[in-house]
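Me: I have a structure open and would like to go through it piece by piece. Could you help me read it?

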Amino acid sequence: MKWYIIKRLLMLIPVLLGVSILSFSLIHLAPGDPAITIAGEHASIQTINAIREKYGLDKPITTQYWIWLKQVLKGDLGRSIVSNESVTKEIADRFPNTFELTMFSMFFAIIIGCIAGIISASRQYSILDYSFMGLALFGVSMPVFWLGIMLMMIFGVFLKWLPISGRISMMISFQQITGFYLLDSLLTGNFEAFISSLRHLILPSIALATIPMATIARITRSSMLEVLRQDFIRTERAKGLSERMVIYKHAVRNAMIPVVTVIGLNFGLLLSGAILTETVFSWPGIGRYIVNAVNMRDYPAVQGCILFFAFMFVIVNLITDIVYVYIDPRIHYG
Amino acid sequence: MMKTLLEIKNLKTHFFTHEGVVKAVDGVSLKVDRGKTLGIVGESGSGKSVTALSILRLIPQPPGKIIGGEIYFEGQDLLKLDNKEIRKIRGKKISMIFQEPMTSLDPVFTIGHEIIETIQLHQGLNKKEAREKALEILKIVGIPDVEKRIDSYPHELSGGMRQRVMIAMALSCHPTLLIADEPTTALDVTIQAQIIKLINDLKKRFHTSVILITHDLGVIAEMCDYVAVMYAGQVVEYAEVFTLFEKSLHPYTQGLSKSIPRLNKEVEKLQVIPGMVPNLLNLPPGCPFHPRCSYNFEKCRSENPELIEIEDSHLVKCHLFTEKR
Ligand SMILES: Nc1ncnc2c1ncn2[C@@H]1O[C@H](COP(=O)(O)OP(=O)(O)O)[C@@H](O)[C@H]1O
Ligand SMILES: [Mg+2]
């Protein structure tokens, strides 16, 4: 197991290398020039060339990549062309917000999705089953940005129940410690800030959680139905176990094996969902940062974010594979 | 104490499928006496497993449903019990082992956990006591190195070992009735005899009554006291084992006993009863066996015979004998 984890972590190296080459080529192939973005449309050729030179943009793309790579290997993601801040720091500043949003979303997506799927399966063809699965179908087919805008309109604009943008109300003074708003407000005993940041979290979380929640509900239901048909379920009933034990202990544990796969994959999708959600809700996270970076052709920032996303993706997959070992004794990693 | 442990009267279990109603069990009557073994034979699809599952009310519903009959166990009709009461019978008074040892154990729990769960459920012991009991019963069914094996997962065991575990689990609460549904069909030939012997030994040791479903008439001859022969969801003949082998009456039973190879006769070709197993969705009118029966006459084609008692404990369902009376 230990060796397996080490092996998987070593595999990060070629993955990140590949991802960085790909994203480097893509963003340089895309039309647009950061030098013009910085200097402005009407700047003189000289100014633009000077900027190009300053950021090494005049060199061939392979050389640029090489320079960037050497820098990254030293642990430095470079400086943003737009803000001239260290990209590492900019990502680190925004990461807690994205983390809170994705974790909060995923937490509810998993809890509600699994419960709905289990209930649906144990009462197949009931009204409850049809309603859950109807909702789930609705959920998976909903575009995130559209859902986000609808939520803003209904709960923010018409009902005025919840704030529709930002991380926390601007009226609240707030002291940062770790960068995680919920945690920091608790640590400083700032109850008002806690409530405000929690309220800000709700709508974006719903928008982001909907698709994974619906996907998890559907896969849980089908996996449960599959398991409930198997021979060993009959054995458990023949032992005299109650239906509740049969379903919630034996069937659920078995049914979770494919569900974990889907949860892992959805974490990946969540990262891309975060890009849309953060943009719609002006959420100060990495998702919104990368959109701005792409728009401004801020090459180092884009590269840094993509590298970071790829890293997260691999880590989540690794965690998924480790979780398998705990729920399925048939799986061993040598 | 009553002599009869289990009595099934006119049991009907049907499956309501898209293609139509499958009358898997259609008027089965049987009896099992205390301490005795009843064998059930019949071609595959004749309703043996459905009969067995109906006793414990384990028929998947939908599509299945027990639509009629009575199943008296120790004088109590199992079909009238509520869910909670039947659960107290399952695994405690009546246990079942299945045809598919490879898939009948939950793959994500250890075999020890499964047995301990059963013991705790019915005997109110604490974990440690239950584990002691589990070790003991695993030893009895012949699992080697039990201290280590008890923490194995099913996939770490062979088919024969898994069936032993199933037997251990079934016997862990000393049931009065053990239902073994083709317990050896899926196993290696060399293992089959061992498992049958094990069931036979344990039956004597725990004074358990047994319903043994099998294709193997040799096993029936060796182990059973009574035999019920099933055809198309009905019992066509019921007799003491000796009677059945020597003086069987029903043409189907006669065909069956001809189809076992006998060592004492010269190279005898395995005879198969001519004709097809009937489609339960579309049974022929009259006696369901008549299209394959060489004795069939007018009445067989129009009227389904009753199961009648020819002599003490010998019942047969055939017009050849209703006529004679
Ligand atoms: N879950 C089910 N759904 C529909 N039909 C079933 C089901 N289980 C059994 N049957 C039907 O009941 C009949 C008897 O099956 P079974 O009792 O398993 O036969 P066997 O004598 O081989 O044990 C078969 O025709 C089978 O198709
Ligand atoms: Mg069967």
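Me: Which residue in β12(B) is the bridge partner of E311(B)?
Reply: The partner of E311(B) in β12(B) is H314(B). Please keep in mind that this is a predicted model. The bridge belongs to a set of three that join β11(B) to strand β12, residues 314–316 of chain B, and these two strands run antiparallel.

Me: And what sheet do those strands sit in, in what order?
Reply: They belong to an open sheet of eight strands in chain B, ordered β6-β7-β8-β3-β9-β10-β12-β11, and the pairing in this sheet is mixed. The edge strands are β6 (94–97) and β11 (308–311) of chain B, each of which pairs on one side only. From one strand to the next, the twist averages 20°.

Me: Which helix packs on that sheet, touching β3 and β8 among others?
Reply: That is α1(B), which touches β3 (37–41), β6, β7, β8 (209–213) and β9 (226–231) of chain B, and its direction makes about 150° with that of β8(B). Helix α10 of chain B, residues 251–258, lies across β3, β9 and β10 (234–240) of that chain, running at about 105° to β9(B).

Me: Let me pick a residue, A180(B). Where is it placed?
Reply: A180(B) is in strand β7, residues 177–181 of chain B.

Me: Buried or exposed?
Reply: A180(B) counts as buried, because its relative accessibility is 0%, and buried means under 20%. Leaving out residues up to four places away in sequence, A180(B) touches I97(B), I199(B), I211(B), L212(B) and I213(B).

Me: Now the four-stranded sheet: what is its order?
Reply: This open sheet in chain B has the order β2-β1-β4-β5, with antiparallel pairing. Its edge strands are β2 (20–33) and β5 (76–77) of chain B, and each pairs on one side only.

Me: How many bridges join β1(B) to β2(B)?
Reply: Ten bridges join strand β1, residues 4–17 of chain B, to β2(B), and one bridge pair is F16(B) with V21(B) in β2(B). Helix α1 (residues 48–55) of chain B packs on this sheet, touching β1, β2 and β4 (64–73) of chain B, with its direction at about 115° to that of β1(B).

Me: What about β4(B), how is that strand joined to β1(B)?
Reply: Eight bridges join β1(B) to β4(B), and the two run antiparallel; within β4(B), I71(B) is the bridge partner of I8(B). β4(B) also pairs with β5(B) in the antiparallel sense, over two bridges, and Y72(B) stands opposite D77(B) in β5(B). The hairpin of β4(B) and β5(B) has two residues between the strands, and E74(B) in this hairpin takes a positive phi near 50°.

Me: Switching to the ligand, which residues come nearest to ligand 1?
Reply: Of the 15 residues around ligand 1, the nearest are G45(B), G47(B), K48(B), S49(B) and V50(B). A polar backbone atom of G45(B) is 2.7 Å from an oxygen atom of the ligand. For K48(B), a backbone N or O atom lies 2.9 Å from an oxygen atom of ligand 1, and for V50(B) a backbone N or O atom lies 2.9 Å from an oxygen atom of ligand 1.

Me: Over to chain A. How many residues of helix α10(A) are buried?
Reply: Seven of the nine residues in α10(A), residues 231–239, are buried, so the helix is mostly covered. Among them are F232(A), I233(A) and R234(A).

Me: What covers them?
Reply: The cover includes α9 (191–228) and α11 (243–280) of chain A together with α1, α3 (111–123) and α6 (159–171) of chain B. Just after α10(A), G240(A) takes a positive phi of about 105°.

Me: You mentioned α3(B). How many residues does that helix have?
Reply: α3(B) has 13 residues and reaches 18 Å from its first C-alpha to its last, close to the 18 Å expected. The buried residues of α3(B) include I111(B), G112(B) and H122(B), and what covers the buried residues includes α10 and α11 of chain A.

Terms used: Residues are numbered from 1 along each chain as its sequence is written. Chains are lettered from A and ligands numbered from 1 in the order in which they are written. This is a predicted model: local features need pLDDT of at least 70, side-chain atom pairs count only at pLDDT 80 or more; totals for chains, interfaces and linings use all residues. Side-chain values use heavy atoms; hydrogens and water are left out. Two strands pair if DSSP finds at least two bridges between them. Contact means heavy atoms within 4.5 Å. Axes are lines fitted to C-alpha atoms, for helices over the stretch in contact, and angles run from 0 to 180 degrees between N-to-C directions. Buried means under 20% relative accessible area, exposed over 50%, partly exposed in between (1.4 Å probe, protein chains only). The expected span of a helix is 1.5 Å times one less than its number of residues. A residue is near a molecule or strand if one of its heavy atoms lies within 4 Å of it. A polar contact is a pair of N or O atoms within 3.5 Å; within protein, one must be able to donate a hydrogen and the other to accept it, and residues adjacent in sequence count only if both atoms are side-chain atoms.
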